[in-house]
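Here are some notes to go with the model. Have a look at it first, then read the points in order.

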Amino acid sequence: MYGILVSGLFTFLGAALRTVVVKFVVFAALFAIVSAFIAYLATKLPDFAASLNLAFVGITPGMWYFLDTFSIAQGLPLVIAAYILRFMIRRIPVIG
């Protein structure tokens, strides 16, 4: 009886570890590809800081108060980066 339980346990652990290892390798490769793709695109994209500074010149001090209260200065770059990352991930043939 003990041998049957040990054999079943080893069979279950072997199957589980094989799937975990395969998924780890696949996702590590995808992470490396996406990281390299982002690094490549970062060199090709223009600098948007100057155009963003010009866009915010006309904002009144009262509006700046609310923008600072809601931390738009930190949140807006995060949202833009998330949209860009979503766009790039959808272009990967395995995932998108």
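1. A definition to start with: a residue is buried under 20% relative accessible area, exposed over 50% and partly exposed in between, using a 1.4 Å probe and protein chains only. On that scale, 5% of the protein's 96 residues come out as buried.

2. Some housekeeping. You're looking at a predicted model, where local features need pLDDT of at least 70 and side-chain atom pairs count only at pLDDT 80 or more, while totals for chains, interfaces and linings use all residues. Numbering runs from 1 along each chain as its sequence is written, and side-chain values use heavy atoms, with hydrogens and water left out.

3. On overall shape, the radius of gyration (taken over C-alpha atoms) is 24 Å. A compact globule of 96 residues would be near 12 Å, by the rule of 2.2 Å times the number of residues to the power 0.38. Along the principal axes, the C-alpha atoms fill a box of roughly 80 × 35 × 20 Å.

4. The fold reads α-α-α-α along the sequence, with four helices and zero strands. These are DSSP runs numbered from the N terminus: H or I of at least four residues for helices, E of at least two for strands.

5. What does the surface look like? Carbon and sulfur atoms own 78% of an accessible surface of about 8400 Å² (Shrake-Rupley method, 1.4 Å probe; for residues, only the protein chains shown count as cover).

6. There's a nonpolar patch of about 1000 Å² to look at, with Leu-52, Phe-56, Trp-64 and Ile-84 among its residues. α3 (61–69) and α4 (72–90) are the elements that give two or more residues to this patch. Patch members have over 30% relative accessible area and no salt bridge; nonpolar side chains (Val, Leu, Ile, Met, Phe, Trp, Tyr) are joined within 5 Å, like charges within 9 Å. A salt bridge here is a side-chain nitrogen of Lys or Arg within 4 Å of a carboxyl oxygen of Asp or Glu. Ile-84 sits in helix α4 and is partly exposed at 41%.

7. Aromatic pairs: rings of Phe, Tyr and Trp (its six-membered ring) pair if their centres lie within 6.5 Å, with planes under 30 degrees apart stacked, over 60 edge-to-face and the rest tilted. That gives one pair. The ring centres of Tyr-65 and Phe-66 are 5.3 Å apart with planes at 75°, so they are edge-to-face. Tyr-65 is exposed at 54%, while Phe-66 is partly exposed at 47%.

8. Finally, Ile-33 in helix α1 (residues 2–44) is exposed at 53% relative accessibility. Ile-33 and Ile-92 are 59 residues apart in sequence, and their C-alpha atoms are 9.6 Å apart in space.
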